[in-house]
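Please keep the sequence and coordinates in view while reading.

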Amino acid sequence: MKKCFSILLICMFVFGVIVCAQSSKRLSDLEKKRNEALEQVEKTTQMLSNNKTTTKNTLYKLNVLANQIKVRESFLKDLDIELKTIDVEISEIQTDYADLSHSLGIKKEKYAKSIRLMSKQNKTEDKLMFILSARNLNQMTRRMRYLDEYASFQHIQANEISRKQTELNEKRAVLESAYREKAMVKNKKEQETAIIERERGNQSKLVTELKGKAKMLSTELRKQKLQADKLNRQIDNLIAEEARKAAEKASKDKGTKRIAETKGGYAMTVDEKKLSSDFGRNQGALPFPVSQSGTIVVHFGEQKYQNLKYVQNVSKGIEIQTKPGASAVAVFGGVVSKVFAVPGSNSGVIVRHGNYMTVYANLSSVFVKAGEKVRIGEPIGKIFVDSEQDNQTVLNFQIFKEMQRLNPELWLRKR
């Protein structure tokens, strides 16, 4: 019985430790998630803040700030979920605590009554008279057994009260830990809410600043659009030409089995087909295409700016700002399909991964040649440093499947 009781106490202690550890881990995981989510954005915000205030740079800042607010709002939602979870736990612990407290009170009361009753018969001479007054030996034996069992019962009751008290203390400790955790999460929520409000204020200032530069902004956007259109037309033409050449090669060379997944698509060899499948399975797991830390300053698709409805633009890829001296790196193994140049957009490289392609543009110098195999993480070229824009270093990155442009953000690993 004592052994079982000891095991029970150990289990209760371990339970308390586990609950506290889980609570601590949950807060640690939440903090880790927050830090990971904001680290890159905050680094880039600082980098942009150190740059000169140009129209282009202000637009970049606006994008980064909007992204940062979005990330913080997402973290606030996580905190709300965490608070609700803690409230449920606290409610359950409070119920358990009340039940245990009530049960302990009943047991203590019963034990006190049995002690009072036993104390009346607890004198040694009374016990002896109780045994000796038996009518026969059989009754004497039963009376001796009764006294032993009653003493044993009292001992069990005392142990049970002790166990309940220990359990109650454990519940109290867990409850106090949950209250502390809730206070910490609420404090984090208040901090994040204050930061979001401050960042929204900064966002409004940037919008006001851009409104005051409406003419310059329109000129800058037209310039960017012309450059982007030139780049995208050339990429489209190069990819279409390559698909046409692959189809011609497949029709002439009957010995090499080439298959296109879609009509007019790129005719792949068996090896290219495998490479394409491998690439497709890595959606959401590709590394960032820059050798140093960087953050997306222009997102894929339609560009929307708060209170700047006259600013309309559509991005066919993403733009990643990084540090001067950084290189573009391959996000997956493949073969260099094309090295090309576009006036106003510097050089670019297309890497083929079966019928998927990745495009790295705005390079000041290129390290690879057409036909070369590249490995994941291998440098492809040096990213252009724009001295007129205070040394901005921005990579234009695109992903295609056949002629269809894909959203690169859905393919890159979250940093």
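For the residue classes used below, Ala, Val, Leu, Ile, Met, Phe, Trp, Tyr, Cys and Pro count as nonpolar, Asp, Glu, Lys and Arg as charged, and the others, Gly among them, as polar. The model is predicted: local features need pLDDT of at least 70 and side-chain atom pairs pLDDT 80 or more, whereas totals for chains, interfaces and linings use all residues. Residues are numbered from 1 along each chain as its sequence is written, and side-chain values use heavy atoms, without hydrogens or water.

The chain contains six helices and 15 strands; these are DSSP runs numbered from the N terminus, with helices being H or I of at least four residues and strands E of at least two. Of its 415 residues, 42% are buried, where buried means under 20% relative accessible area, exposed over 50%, and partly exposed in between (1.4 Å probe, protein chains only). The chain exposes about 23,300 Å², of which carbon and sulfur atoms supply 55%; accessible areas come from the Shrake-Rupley method with a 1.4 Å probe, and for residues only the protein chains shown count as cover. Among contacts (heavy atoms within 4.5 Å) with a separation of 6 or more, 72% are between residues 24 or more positions apart.

Side chains of opposite charge can pair when their charged atoms come close. In the whole structure, 15 salt bridges are found, each defined as a side-chain nitrogen of Lys or Arg within 4 Å of a carboxyl oxygen of Asp or Glu. One of them joins R72 and E192, with an N to O distance of 2.9 Å. R72 belongs to helix α2 (residues 55-120) and E192 to helix α4 (residues 137-211), so this pair ties together parts 120 residues apart in sequence. R72 is buried at 3% relative accessible area, and E192 is buried at 1%.

Helix α5 (residues 214-252) holds both K225 and D229, four residues apart, or about one turn of the helix. Their salt bridge has its closest N and O atoms 3.0 Å apart. K225 is partly exposed at 44% relative accessibility, as is D229 at 28%. A further salt bridge, between R405 and D236, also has its closest N and O atoms 3.0 Å apart. This pair links distant parts of the chain, with R405 in strand β15 (residues 404-406) and D236 in helix α5, 169 residues apart. R405 is buried at 16%, while D236 is partly exposed at 22%. Through shared partners, salt bridges also join R72, E192 and E199 into one network.

Which residues lie nearest the centre of the second largest pocket? They are K56, Y60, Q224, Q227 and E319, from a lining of 34 residues. A pocket is an open set of points on a 1 Å grid over the protein atoms alone, where a 1.4 Å probe fits, with protein on both sides within 12 Å along at least five of seven lines; lining residues have an atom within 4 Å of a point. Helix α5 gives the largest share of this lining, nine residues. By class, the lining has 11 nonpolar, 15 polar and eight charged residues.

Most residues other than glycine have a negative phi. N362, in strand β10 (residues 356-366), has a positive phi of about 75° and is buried at 18%. E402, in the loop between β14 and β15, has a positive phi of about 55° and is buried at 13%.
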